[in-house]
Amino acid sequence: MKAQVAVLPGDGIGPEVVEQGVRVLRQVASQFGHAIELREALFGGCAIDRTGQPLPSETLDASQQADAVLLGAVGGPKWDPPAKPRPEEGLLGLRRELGLYANLRPVKPFAQLAHASTLKPEVIQGVDLLLVRELTGGIYFGHKQREPGYAVDTCTYSVVEIERVVRAACGYAMSRKRRLVSVDKANVLETSRLWRETATRIVRDEFPQLQLTHLLVDACAMHLIRMPASFDVIVTENLFGDILSDEAAMIAGSIGMLPSASLGEGKRGLYEPIHGSAPDLAGKGVANPYGTILSVALLLRHSLGLESEARAVEAAVGAAIGRGVLTADLAHAGTRAASCAEAGGAVLEALARGES
Ligand code: NAD
């Protein structure tokens, strides 16, 4: 098959982890006989430095023309407030322009990494959950105002915005264990009451086979570390999803392990590890690239429809970890940590050998 992928390395460790993701994507293309054309573009803080804009029009064009976008991360102290514009504006703009309203964050820890999690191995055992976060609405996109001694952020949701992401989550739950947890703060927030009513109606009318549970976000935060294996699919609004997904990352041992996919109506998606630009690690070659490589697997699955290739990449990551190729965030105390490039190389080797 032929496909075009826009590659946006971004800032901080973004270029380092994306480089490993690109190596894997190239190898998948040659090993499985696909023509995947990669087009790199400026995005985030580095784009502000070169063009004055976090999302230059050439980058948006390249993303709109592509079948999928692979992103590292954006941001860093150089562009922190009060600097303007901010790299994150580019990210919000790209998600909005591509109409990507559902952010998928699968959490399925590798058994060999049980030592890296702060949770007990018996608590992590059997965890296989999918967090679906609404991505283009809520407080991140609402009216903002700043006056001396006073600030406003407005949270807004329409029925249509809630319906489409809940429907997407229901679809994923149907192909899994058919259990959906909808997370809100309906005891306090009006938008959450609308969220709960809408989720209840969609499941009742369109997905009656699903078991739907509502959880308040504070209770969900607690259950996620108390009994994470009890979850199948979680759907929630933008802000709650942002926070809960970082919490869920710790189940997997490191924020560097988790991939994400952002999808809209069509097949085009944006794929990125859930971590940020980690300025403390940038340029040292020590960042964990597995979350980015697993994002490449999601890209192959969701945008290019290449399920066997996606599984091969996931299996190769598992094999690299199984052989003990662990970056500093994962390594056992007292053992030598692998570099970012070594971890990427171990995945390439496992992929070439067809290891699982
Ligand atoms: P961060 O995710 O960059 O880092 C949090 C911690 O996790 C740090 O200790 C970091 O060293 C570690 N870490 C992150 N990724 C890692 C990896 N691949 N391997 C090993 N360790 C890793 O979050 P932060 O420090 O709060 O934010 C840094 C910058 O990133 C900020 O400018 C923020 O706005 C931006 N950010 C961007 C995105 C994005 O581009 N999607 C997401 C979150 C934060």
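**Exercise 1.** Determine whether Tyr-157 is buried or exposed.

Solution. The model is predicted; local features need pLDDT of at least 70, side-chain atom pairs count only at pLDDT 80 or more, and totals for chains, interfaces and linings use all residues. Residues are numbered from 1 along each chain as its sequence is written, and side-chain values use heavy atoms, with hydrogens and water left out.

- Step 1. Buried means under 20% relative accessible area, exposed over 50%, and partly exposed in between (1.4 Å probe, protein chains only).
- Step 2. The relative accessibility of Tyr-157 is 7%, so Tyr-157 is buried.

**Exercise 2.** Find which residue forms an aromatic pair with Tyr-157, and describe the geometry of the pair.

Solution.

- Step 1. Rings of Phe, Tyr and Trp (its six-membered ring) pair if their centres lie within 6.5 Å; planes under 30 degrees apart count as stacked, over 60 as edge-to-face and the rest as tilted.
- Step 2. Searching the whole structure gives one aromatic pair. Its members are Tyr-157 and Trp-195, with 5.7 Å centre to centre and 75° between the planes, an edge-to-face arrangement.
- Step 3. Tyr-157 sits in the loop between β7 (150-153) and α6 (159-174), and Trp-195 in helix α7 (residues 190-206), so the pair ties together parts that are 38 residues apart in sequence. Helices (H or I, at least four residues) and strands (E, at least two) are DSSP runs, numbered from the N terminus.
- Step 4. Trp-195 has a relative accessible area of 2% and is buried.

**Exercise 3.** List the residues that Ile-162 is in contact with, leaving aside its neighbours within four places in sequence.

Solution.

- Step 1. Ile-162 belongs to helix α6, and its relative accessibility of 0% makes it buried.
- Step 2. With contact taken as heavy atoms within 4.5 Å, Ile-162 touches Tyr-157, Leu-194, Trp-195 and Thr-198.
- Step 3. Tyr-101 is 61 residues from Ile-162 in sequence, with 9.7 Å between their C-alpha atoms.

**Exercise 4.** Describe the interface of domain 1 and domain 2.

Solution.

- Step 1. Domain 1 covers 1-101 + 258-356 and domain 2 covers 118-252; the bounds come from an automatic or database domain assignment.
- Step 2. In the interface, 10 residues of domain 1 are in contact with 14 residues of domain 2.
- Step 3. About 1,000 Å² is buried between the domains, 70% of it on carbon and sulfur atoms. Buried area is the accessible area (1.4 Å probe) that two parts lose on being put together, summed over both.
- Step 4. On the side of domain 1 that touches domain 2, α4 (87-97) and β11 (259-263) are the elements that give two or more residues. The largest share, three residues, comes from α4.
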